[in-house]
Amino acid sequence: MEFVFSSRVIEWRGPSPYYFVPVPDEESADIREVAAMATYGWGVIPVKALIGEVAFQTSLFPKDSGYLLPLKVAVRKPNGLSAGDDVTVNMTVRLQP
């Protein structure tokens, strides 16, 4: 499953700050339909993503009825991203064999 969407970077403050891009409702609904074939446990969904020129692999975190795409420093820094910035994401859900 491939998606292209735009969303706003959010910050979650825990012991240290974490940054995420919320997956929009429509895409989250599509992901929920295949979640059982994609998750490797705990409801996380493995994905490949591209933001700007930075390609990376991570896992979506389930949150409420949607998903959050985590953004590591290695993704944020080259793209100059911080909380409140709008970003376009190209993302592929990696289905498990």
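## Terms and model

A residue is called buried when its relative accessible area is under 20%, exposed when over 50%, and partly exposed in between, using a 1.4 Å probe and protein chains only. By that rule, aspartate 64 is exposed, with a relative accessible area of 73%.

This is a predicted model, in which local features need pLDDT of at least 70, side-chain atom pairs count only at pLDDT 80 or more, and totals for chains, interfaces and linings use all residues. Residues are numbered from 1 along each chain as its sequence is written, and side-chain values use heavy atoms, leaving out hydrogens and water.

## Overall build

Welcome to the fold itself. The chain holds two helices and seven strands, where helices (H or I, at least four residues) and strands (E, at least two) are DSSP runs numbered from the N terminus. Their order from the N terminus is β-β-β-α-β-β-β-α-β.

Along the principal axes, the C-alpha atoms fill a box of roughly 35 × 30 × 20 Å. Of the 97 residues, 39% count as buried. Among contacts (heavy atoms within 4.5 Å) with a separation of 6 or more, 59% come from residues 24 or more positions apart.

## Two loop residues

Most residues other than glycine have a negative phi. Tryptophan 42 has a positive phi of about 60°; this residue sits in the loop between helix H1 (25-38) and strand S4 (45-51). Tryptophan 42 counts as exposed because its relative accessibility is 77%.

Let's return to aspartate 64. Its phi is also positive, about 55°, although the residue is not a glycine. Aspartate 64 is found in the loop between strand S5 (54-63) and strand S6 (66-71).
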